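Biologist: I am new to this structure. Could you show it to me and take my questions one by one?

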Amino acid sequence: MSNKNRRHTKTQQMVLDYFENTDGAVSHEMVEKSLGDSMNRVTIYRILNRFEEDGIVHKIVGDDGVSYYARCESACDHDHHHDNHIHFRCEKCNSINCLEQSISIDLPKNYQMTNINFLITGICASCNKE
Ligand SMILES: [Zn+2]
Ligand SMILES: [Zn+2]
Ligand SMILES: [Zn+2]
């Protein structure tokens with residue numbers, strides 16, 4: 001075990017490693033499929049919630065109603081997410097990816113934005129090549 005992230009328990013570190021080795025956003029089910037032998041689903045739920053609170057991952061609710069989690073940029077910290085970019089869900093391979101394109105929206109006066117959930121569904125670049 002590296003002690004770079006020594007605040008993390010062994011199970012948290014395993015989930016973190018999973019995120020680091022996976023492209024795009026992952027659902028609870030995908031984490032469970034990959035790591036489920038060594039931890040139960042409640043543990044995974046708790047870790048994902050904790051990571052979201054800590055600014056490590058952000059949640060994307062897909063148009064399929066499933067929650068996906070993607071790694072945050074370094075700018076995110078505890079309770080402060082700055083992931084105001086577009087998410088793209090591919091109908092073909094079912095991947096969800098964070099796009100670099102960010103969103104800025106002019107809200108009416110006195111409206112304050114704390115979260116943005118912007119999801120585009122379509123065909124991703126690698127599927128489009130085929
Ligand atoms: Zn974030
Ligand atoms: Zn695709
Ligand atoms: Zn994202």
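Modeller: The questions below go from the whole chain to its sheets, helices and loops.

Modeller: This is a predicted model, in which local features need pLDDT of at least 70 and side-chain atom pairs count only at pLDDT 80 or more, while totals for chains, interfaces and linings use all residues. Residues are numbered from 1 along each chain as its sequence is written, and chains are lettered from A and ligands numbered from 1 in the order in which they are written.

Biologist: How many helices and strands does the chain have?

Modeller: Helices (H or I, at least four residues) and strands (E, at least two) are DSSP runs, numbered from the N terminus. The elements follow each other as α-β-α-α-β-β-β-β-β-α from the N terminus on. The count is four helices and six strands.

Biologist: What share of the residues counts as buried?

Modeller: A residue is buried if 20 or more other C-beta atoms lie within 10 Å of its own, exposed if 12 or fewer, and partly exposed in between; C-beta atoms are placed from the backbone. The C-alpha trace spans about 45 × 45 × 25 Å along its principal axes. Of the 130 residues of the chain, the buried share is 18%.

Biologist: In what order do S1, S2 and S3 stand in their sheet?

Modeller: Two strands pair if DSSP finds at least two bridges between them. S1 and S3 are joined by two bridges and run antiparallel; S2 (residues 57-61) and S3 (residues 67-71) pair in the antiparallel sense over five bridges. S1 (26-27) and S2 are the edge strands, each pairing on one side only. The sheet is open, and its order is S1-S3-S2.

Biologist: Which residue in S3 is the bridge partner of His-58?

Modeller: S3 pairs with S2 over five bridges. S3 also has a bridge from Val-26 to Tyr-69. For His-58, the partner is Ala-70.

Biologist: Which residue takes a positive phi in the hairpin of S2 and S3?

Modeller: The hairpin has five residues between the strands. The phi in question is near 80 degrees, and the residue is Gly-65.

Biologist: Which residue in S6 stands opposite Cys-90?

Modeller: S4 (residues 85-90) and S6 run parallel, joined by four bridges. The residue opposite Cys-90 is Gly-122.

Biologist: Are H1 and H2 roughly parallel or roughly perpendicular to each other?

Modeller: Axes are lines fitted to C-alpha atoms, for helices over the stretch in contact, and angles run from 0 to 180 degrees between N-to-C directions. The axes of H1 (residues 10-20) and H2 come within 11 Å and cross at roughly 110 degrees. Angles under 35 degrees count as roughly parallel, over 145 as roughly antiparallel, 65 to 115 as roughly perpendicular and the rest as oblique. H1 and H2 are therefore roughly perpendicular.

Biologist: Which residues of H2 make the contact with H1?

Modeller: Two residues are in contact if their C-beta atoms, placed from the backbone, lie within 7 Å. On the H1 side are Met-14, Val-15 and Tyr-18. On the H2 side are Val-31, Ser-34 and Leu-35.

Biologist: At what angle do the axes of H2 and H3 cross?

Modeller: H2 (residues 28-35) and H3 (residues 41-53) have axes that come within 10 Å. H2 and H3 are therefore oblique to each other. The angle is roughly 125 degrees.

Biologist: Which residues of H3 make the contact with H2?

Modeller: H2 brings His-28, Val-31 and Glu-32. H3 brings Arg-41, Ile-44, Tyr-45 and Leu-48.

Biologist: Is Asn-94 buried, partly exposed or exposed?

Modeller: Asn-94 is in the loop between S4 and S5. Its phi is positive, near 65 degrees. Asn-94 has 13 C-beta neighbours inside 10 Å, so it counts as partly exposed.

Biologist: Is Asn-110 buried or exposed?

Modeller: Asn-110 lies in the loop between S5 and S6. It is not a glycine, yet its phi is positive, about 70 degrees. Asn-110 has 5 C-beta neighbours inside 10 Å, so it counts as exposed.
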